[in-house]
Amino acid sequence: MTERHTILVVDDEEAIRDSCRQVLTKTGHECHTAVDGIEGLHLAHQLDPDVVLLDLMMPGIDGLEVLEQIMKTHPNTVCIVITGYATIESAVDAMKRGAFDFLPKPFTPDELRLIVTRGLEQRRLLQETAALREEKERMQQYFITIVAHELRSPLLLVKQYLDLVVGRKMGTVDDTAMEMLSGAHGTLEGLLEIIADWLKLARINAGDIAGGMDEVEIGAILTKVVSEMQPFADNGGITVRLEPCRGACRVNAHAESLLVVFRNLVSNAIKYNRPEGSVIIAGESVDGTVRIDVRDTGIGIPKDDVPFIFEDFFRVKSSATAEIPGTGLGLSIVQKIIEGHHGSIDVKSQRGEGTVFSIFLPVLREGPEKEDPVD
Ligand code: ADP
């Protein structure tokens with residue numbers, strides 16, 4: 001026996017309404033009818049039907065407008081347009097606007113039953129997809145919480161104890177034990193770094209940067225990153241130079257995420273540099289795009305590895321990189337954040353000579369000038 005579904009037929013022709021009602025009720029469905037678009041919209045809101053059969057050529061509010069409103073308010077309702085052969089073009093137009101299919105007049109009871117059955121199958125698939133998407137988001141959020149609280153927090157606690165012992169704040173420890181504890185401390189730091197990077201990535205994937213966009217001055221972000229990275233650069237004898245951004249370097253962005261982008265790029269430019277090398281950061285705004293280059297004089301990236309550097313966990317394997325710590329997640333995070341800002345990233349590298357990462361972001365459009373209020 002057919003499962004009972006709610007079908008709404010919107011048509012100004014009485015004969016069509018009656019025959020549809022007869023066929024669909026006989027099939028076991030609950031069928032409602034409306035004589036025009038206004039009544040159709042009213043019933044659609046009231047009944048939340050599974051399928052709407054909608055005539056495109058009706059007096060008053062036209063079928064396409066009814067279709068658009070139903071699609072907007074009931075995205076899981078499947079709309080099938082009923083059309084005469086003369087209006088096939090508008091049926092195609094309706095499908096472009098989200099109708100599932102069209103049923104040309106005149107049609108037989110079998111044709112009606114078949115298209116409604118297919119429409120109901122489509123509705124089931126839409127509902128299943130929405131439920132799976134919701135489940136995926138819930139699992140992702142659950143996993144983030146587990147990693148952040150159940151994994152990261154106890155590891156941080158263990159690291160804090162080891163900080164004290166390795167920092168010789170808890171009295172003397174013999175040399176062999178100290179060597180082992182220092183090794184454990186280093187491994188734990190690496191693990192916590194991977195967890196922190198993975199959490200950043202998972203939060204970006206969960207759409208965390210979508211909200212919180214604001215007007216951001218690129219120069220201010222770069223100044224902050226350079227001052228944070230300075231001690232790290234001094235340690236390796238690397239000179240970092242920030243050039244003033246040329247032009248209107250303002251973008252619509254999530255400031256905290258942009259800090260993550262440039263911290264990663266500048267930290268890599270220092271990490272993968274040569275002793276006494278340099279890093280130059282320069283930005284300029286041209287033709288509606290802000291371009292920021294982070295250029296280093298470091299070890300460069302082998303040509304064959306360049307296509308992979310934005311993949312999760314990818315790290316170049318060579319004698320030059322073997323001792324440099326990292327997770328292989330930094331550039332993947334950078335790329336996702338930049339894509340989330342409708343921007344792009346490019347890399348040019350010469351092995352043994354250096355690398356330039358270029359970020360492109362759309363310049364913030366100036367809004368219309370505010371007029372003085374009229375007294
Ligand atoms: P990691 O944590 O390993 O630094 P990233 O995702 O930031 O991870 O970078 C991926 C790999 O790309 C690095 O392991 C390194 O081999 C290479 N790389 C990134 N930036 C540079 C750079 N400025 N110069 C040379 N190699 C780089």
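In the predicted model, Gly37, Leu41, Ala44 and His45 of helix α2 meet Val66, Gln69, Ile70 and Thr73 of helix α3. By class, this contact of α2 with α3 comprises four nonpolar, four polar and no charged residues. Helix α2 covers residues 37-47 and helix α3 residues 63-73; their axes come within 10 Å and cross at roughly 10°. Angles under 35 degrees count as roughly parallel, and α2 and α3 are therefore roughly parallel to each other.

Strand β2, formed by residues 30-34, contains Thr33. The relative accessible area of Thr33 is 17%. Because buried means under 20% relative accessible area, Thr33 is classed as buried. The side chain of Thr33 makes a polar contact of 3.1 Å with the side chain of Arg21. Apart from neighbours within four places in sequence, the residues in contact with Thr33 are Leu8, Val9, Arg17, Arg21, Glu39 and Leu43.

The loop between β8 (250-253) and α8 holds His254. The relative accessibility of His254 is 19%, so this residue counts as buried. Between the side chains of His254 and Ser257 there is a polar contact of 2.6 Å. Helix α8 spans residues 255-271 and includes Lys271. With a relative accessible area of 22%, Lys271 is partly exposed. When residues up to four places away in sequence are not counted, Lys271 touches Phe232, Ile324, Pro325 and Gly326. Pro325 is 54 residues from Lys271 along the chain, and the C-alpha atoms of the two are separated by 8.7 Å.

The ligand has 18 residues around it, of which Asn268, Tyr272, Arg315, Thr327 and Leu331 come nearest. In the side chain of Asn268, an N or O atom is 2.8 Å from an oxygen atom of the ligand. For Tyr272, a distance of 2.8 Å likewise separates an N or O atom of the side chain from an oxygen atom of the ligand. In the case of Gly328, a polar backbone atom is 3.1 Å from an oxygen atom of the ligand.

Leu331, listed among the residues that come nearest to the ligand, is also one of the buried residues of helix α9 (residues 330-340). The buried residues of α9 are Gly330, Leu331, Ser332, Ile333, Val334, Ile337 and Ile338. These buried residues pack against α6 (175-205), α8, β11 (344-350) and β12 (354-362). His342 follows α9 and has a positive phi, near 60°.

Strand β12, against which buried residues of α9 pack, contains Ser358. The relative accessible area of Ser358 is 4%, so Ser358 is buried. Leaving aside neighbours within four places in sequence, contacts of Ser358 are made with Arg291, Ile292, Asp293, Ser344, Ile345 and Asp346. Within this set, Asp293 is joined to Ser358 by a side-chain polar contact of 2.7 Å. Ala206 lies 152 residues from Ser358 in sequence, and the C-alpha atoms of Ser358 and Ala206 are 26 Å apart in space.

Note on methods:
Residues numbered from 1 in each chain as written. Predicted model: local features only at pLDDT ≥ 70, side-chain atom pairs only at ≥ 80, totals over all residues. Heavy atoms only, no water. Helix = DSSP H or I, 4+ residues; strand = E, 2+ residues; numbered from the N terminus. Buried < 20%, exposed > 50% of the residue type's maximum accessible area, 1.4 Å probe, protein only. Contact = heavy atoms within 4.5 Å. Polar contact = N/O pair within 3.5 Å; in protein donor to acceptor, adjacent residues only side chain to side chain. Axes fitted to C-alpha atoms, helices over the stretch in contact; angles between N-to-C directions. Parallel < 35°, antiparallel > 145°, perpendicular 65-115°, else oblique. Nonpolar A, V, L, I, M, F, W, Y, C, P; charged D, E, K, R; others polar. Near = heavy atom within 4 Å.
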